[in-house]
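Subject: Structure handover

Hello,

Here is the structure we discussed. My notes follow below it.

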Amino acid sequence: MCGFAGFLNQNSKQSFDIEEILNKMGNVISHRGPDGSGIWYEEAVGSVGLVHRRLSILDLSKAGHQPMVSSSGRYVLVYNGEIYNHLFLRELIGEGIEWTGSSDTETLLVCIQELGLELTLEKVDGMFSFALWDRNCNTITLARDRMGEKPLYYGFQKDTLLFGSDLISLKQHPDFLNEISRNSVALLLKYGYVPAPYSIYGNIFKLPPGGLIQIDTLSKKVEVQYYWNFKEVVEEQQKNTYSRGYGQAVKDLDVILLDSVEQQMISDVPLGCFLSGGIDSSAIVALAQSQSSSQINTFSIGYSDQQFNEAENAKAVSHYLGTKHTELYITENDALDIIPELSKIYTEPFADPSQIPMFMLAQMTRNHVTVALSGDGGDELFSGYSRHLFIHQYWPTISKLPKFLREFVKNSIATLPPNRWNDVFSSVKGFIPKRYHQRNIGEKLYKISQTMESNSSNGLYNSLVSKWTNPEEVVLGVDWGSMSQCSIEDVNFGNEVEKIMAQDSTHYLPDDVLCKVDRATMFASLESRSPFLGRNVVEFAWSLPHSYKIRNGVGKSILRDVLYNYVPKELIDRPKMGFDTPIGCWLRGALKPWANDLLNDELIERQGYFDISVVRKIWSQHQSGLYNMENKLWPILIFQSWLLANEL
């Protein structure tokens with residue numbers, strides 16, 4: 001796990017010191033690679049420069065140093081990630097190669113030299129992004145892993161192509177324009193993140209998962225190709241639906257997950273696991289511990305507020321499996337300490353409140369290990385989000401309702417504010433089966449009311465995941481017409497739930513979940529790995545009938561049954577909590593002064609991004625206690641905080 005950056009320019013003579021600029025681009029991401037650094041550049045045809053920061057995981061010797069030049073001298077590589085099947089790839093290449101070390105970087109580079117780029121990308125299984133300079137063709141190739149675990153930004157600024165693992169590196173180059181996109185601000189408010197292919201800056205983009213671009217020194221044309229297209233893969237898997245029965249599918253999934261966990265446990269440094277006590281992380285920990293002769297290290301975050309606390313559940317799972325467990329309880333004041341750091345951790349504004357406990361978990365974990373396995377991806381693959389269950393249970397009925405009835409339901413929900421609905425639910429809670437208990441039922445009802453206007457899976461998905469349905473109501477100067485894609489695309493396969501799962505896998509997973517984990521862990525110099533996102537796991541999961549995932553109104557059925565082979569059902573079978581954070585409460589408490597400063601009328605007017613009257617209204621509603629407006633407020637607050645930090 002590392003970080004890299006670089007540039008390509010058709011001018012062979014630069015007005016700046018190339019070595020100095022490359023060092024600056026690398027130094028600002030030293031947290032991604034504190035164990036070493038290197039630069040490489042040449043000015044033969046145009047100028048190209050590469051810089052790398054190394055976090056040593058495999059082959060701790062100098063043989064893994066980057067930028068790495070191929071034995072032929074043709075290729076120069078900078079790479080971030082882990083190739084889990086790199087030992088298999090070495091066997092595949094066969095004899096005749098004089099290996100200088102045991103790093104997966106060398107494996108990747110030799111494969112490209114011996115097999116070619118296309119076949120190499122087809123064969124590799126791992127998480128990665130890389131930049132490859134071809135000295136024969138004078139082309140730079142940028143590529144990103146299949147599911148988007150590792151980041152890669154790129155874009156032309158003036159006549160220079162800039163690229164790297166983090167926006168902060170690109171900003172060090174003298175050609176960087178620093179132009180904030182108002183459309184991207186609107187996207188941030190809509191989703192809580194800026195979705196690919198966009199970034200917060202104009203003409204700087206995120207390479208999509210499975211994406212590949214090749215650019216020469218003379219061309220400014222960039223066309224994204226896909227060496228692995230998620231939607232095409234899913235369509236192919238669904239044509240060959242698993243047909244061996246549910247019981248055999250549970251056994252097969254167990255074997256495939258065991259293999260993925262085993263691959264991702266390979267490390268030359270200490271390794272542990274994140275453990276929330278939920279199904280996904282518990283499954284990964286159970287599978288890891290079953291293959292380890294010593295205690296696995298596990299790590300959890302907890303809250304004193306019990307409605308948000310899963311630490312006790314995690315401790316119970318840890319005790320049963322016999323792991324060496326460490327936990328940390330956090331408070332409002334801990335959040336206050338972390339918030340000033342968020343704009344450094346997430347150099348692009350990012351507004352998922354669970355970013356706070358995620359970073360604290362990463363910090364704590366790094367005190368004990370260098371690599372941590374996570375359960376990320378389980379919800380997307382096995383239908384684990386509440387929105388999946390909602391669509392499965394209610395959408396077939398809602399979609400058939402005439403328009404006037406949908407309007408009636410929507411207006412009826414609006415008769416009470418969310419907190420009053422919470423009170424109503426509390427009064428009848430004792431008569432409802434425990435598995436249907438929900439926190440903040442009022443907010444969920446309001447979210448459901450938004451779906452009443454949906455006429456397609458695209459509209460349905462947007463209504464379920466949007467913080468602001470129409471962010472142009474508050475963001476000034478938005479021009480959706482200037483963007484080729486300002487909303488999430490439809491998919492054309494599977495039932496409605498599978499369509500939503502596919503949207504989650506291609507948007508929410510890489511742009512929110514994996515972004516959150518990568519930035520938090522990397523800022524702590526910790527490598528995170530996600531066994532659920534191994535290629536074989538993803539493809540097998542999408543070959544399964546959806547009835548194997550939601551059974552009897554319960555999500556992740558097949559994954560639960562795998563887990564029950566290792567952990568008693570009663571330790572796991574409880575309402576889903578997720579990695580929630582009580583931001584709404586904190587904004588009325590310890591975070592209120594911080595928020596007041598950022599929502600100051602004079603400041604908002606000076607910056608000129610938001611409609612003051614709209615911001616003032618939702619802040620007032622939140623402080624009344626009748627409405628929880630944290631989903632709308634948090635993206636605004638995060639952007640304000642990020643903007644102030646970047647003005648310094």
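Where does Asn-85 lie? Asn-85 is found in the loop that runs between β5 (75-83) and α2 (86-93). Please keep in mind that this is a predicted model. With a relative accessible area of 9%, Asn-85 is buried, because the cut-off for that class is under 20%. Apart from neighbours within four places in sequence, Asn-85 is in contact with Lys-123, Val-124, Asp-125 and Gln-263.

Sheet with β3

Six strands make up an open sheet, ordered β2-β3-β1-β9-β8-β10, and the pairing is antiparallel. The edges are taken by β2 and β10 (205-206), each of which has a single partner strand, so one side of each has no neighbour in the sheet.

Strand β3 (residues 47-54) is mostly covered, with eight of its eight residues buried. The cover extends to both faces of β3: Ser-47, Gly-49, Val-51 and Arg-53 are buried on one side, and Val-48, Leu-50, His-52 and Arg-54 on the other.

Strand β1 (residues 2-9) pairs with β3 in the antiparallel sense over eight bridges. Phe-4 has His-52 of β3 as its bridge partner, and Gly-6 has Leu-50 of β3. Strand β2 (residues 36-42) also runs antiparallel to β3, and seven bridges join the two. In that pairing, Tyr-41 stands opposite Gly-49 in β3.

Strand β6 (residues 126-134) is antiparallel to β7 and joined to it by six bridges; Phe-130 stands opposite Ala-143 in β7. The two strands form a hairpin with four residues between them, and in the turn Asn-138 has a positive phi of about 55°. The pairing of β7 with strand β11 (residues 211-216) is antiparallel as well and covers five bridges. There, Thr-141 stands opposite Gln-214 in β11.

Which residues of helix α18 (residues 441-451) are buried? They are Ile-441, Gly-442, Ser-449 and Thr-451. Because these residues cover an arc of only 160° around the axis, they are on the same side of α18. The cover over the buried residues of α18 includes α15 (386-398), α16 (403-413), α17 (418-428) and α19 (457-465).

A nonpolar patch on the surface is formed by Phe-404, Leu-405 and Phe-408, with about 340 Å² of accessible area together. Phe-408 lies in helix α16. With a relative accessible area of 56%, Phe-408 is exposed, because the cut-off for that class is over 50%.

Salt bridges

How many salt bridges does a search of the whole structure find? The search gives 23. One of them joins the side chains of Asp-379 and Lys-556 (2.7 Å, N to O). Asp-379 lies in helix α14 (residues 378-382) and Lys-556 in the loop between α21 (535-543) and α22 (557-563), so the pair ties together parts that are 177 residues apart in sequence. Both Asp-379 and Lys-556 are buried.

Glu-527 and Arg-529 also meet through their side chains in a salt bridge (2.4 Å, N to O), and again both Glu-527 and Arg-529 are buried.

The salt bridge between the side chains of Arg-535 and Glu-539 (3.3 Å, N to O) is within helix α21, where the two are four residues apart, about one turn of the helix.

Finally, Arg-32, Lys-150, Asp-518 and Arg-519 are linked in a network of salt bridges.

Regards

Note on methods: Residues numbered from 1 in each chain as written. Predicted model: local features only at pLDDT ≥ 70, side-chain atom pairs only at ≥ 80, totals over all residues. Heavy atoms only, no water. Buried < 20%, exposed > 50% of the residue type's maximum accessible area, 1.4 Å probe, protein only. Contact = heavy atoms within 4.5 Å. Arc of directions from axis to C-beta. Pairing = 2+ DSSP bridges. Patch = residues over 30% accessible without salt bridge, like charges linked within 9 Å, V, L, I, M, F, W, Y side chains within 5 Å. Areas by Shrake-Rupley, 256 points an atom, 1.4 Å probe, with all protein chains shown as cover. Salt bridge = Lys/Arg side-chain N within 4 Å of Asp/Glu carboxyl O.
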